[in-house]
Amino acid sequence: PLWVDGTWGTALADAAQTDFRVLARHQGSLWGATATGRVWSYDGAVWGLSTNLGQPVLALESFGGKLYAGLNANGQVHSYNGVSWSLEASFGAVAVRALKSYGGRLYAGDGAGRVWGYEPTKSEWFLSFQSTSAVVESLAVYDGRLFAGANPNVYVFNGSTWTAAFAVGAAVNAMAAYDGKLYAATNNSGI
C-alpha cells in the first residue's frame, strides 16, 4: 500500500505475487521483493520487474553501488550492479534474513545464528560472529554500532568485538533507530 494525502492506495499489484516482503532505497529508486523472488524497482513514475530470483527475498540492502538481496534458502546473497544480477555468496542451507552496511562492510545475518561480513577491498565474505541464538532475524546500526537481533538475544558489534547486549526472550524481527533510541519489534513481546 501507498500512503498519499491521508489515505492508503495500491502502488504496485503483481498478479504473480501479492506477498511483498522487503523494501529498500537504491540509487534513487525504491525496490521491493516478493515471497517468490520477484524483485521490482520504482523510479517515481513506473514500476519495472528487475528479476525473479526464484525463492523468497528476505532482505535488501544498498551497498557500494550495488543492491544486495538475501534469500530464504541456500544461504544465498545476490547482487545487482545496475545491469545484471549475480550470486555473491552461499552460506549453506539457511536463510539470509538480514543485510546491513556498517563501517565500510556489508553484513548478513542468517538462520544459523551467524553474522557474515563482506570486505569489499578483498571481494570476500568472512564469518564475523557465531551467536548462541538459533537465528539472526535483523541487523541495525545505532549509536555507531551494529546490532544483531536474534532469538532470544540482541548482540552488538563496536567495529572490533561482538558482545551480548541483552536478552529479549523473543525473536527480534526488526530494529530501527528513532529519536535517539533503538527500537526492536519482536514476535511475542511487542516493540
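**View 1. Glu-119 and its salt bridge with Arg-105.** At 14% relative accessibility, Glu-119 counts as buried, a class that covers residues under 20% relative accessible area, with exposed set at over 50% and partly exposed in between (1.4 Å probe, protein chains only). The closest N and O atoms of Arg-105 and Glu-119 are 2.6 Å apart. Arg-105 belongs to strand S12 (residues 105-110) and Glu-119 to strand S13 (residues 114-119), so the pair ties together parts that are 14 residues apart in sequence. Strands (E, at least two residues) and helices (H or I, at least four) are DSSP runs, numbered from the N terminus.

The model is predicted: local features need pLDDT of at least 70, side-chain atom pairs count only at pLDDT 80 or more, and totals for chains, interfaces and linings use all residues. Residues are numbered from 1 along each chain as its sequence is written, and side-chain values use heavy atoms, with hydrogens and water left out.

**View 2. The salt bridge between Glu-137 and Arg-97.** The N to O distance in this pair is 2.9 Å. Glu-137 lies in strand S15 (residues 136-142) and Arg-97 in strand S11 (residues 96-102), so the contact ties together parts that are 40 residues apart in sequence. Glu-137 is buried, with a relative accessible area of 14%, whereas Arg-97 is partly exposed at 29%.

**View 3. The salt bridge between Arg-21 and Asp-19.** The closest N and O atoms of these residues are 3.0 Å apart. Arg-21 is partly exposed, with a relative accessible area of 42%, and Asp-19 is likewise partly exposed, at 30%. The count comes to six salt bridges, each defined as a side-chain nitrogen of Lys or Arg within 4 Å of a carboxyl oxygen of Asp or Glu.
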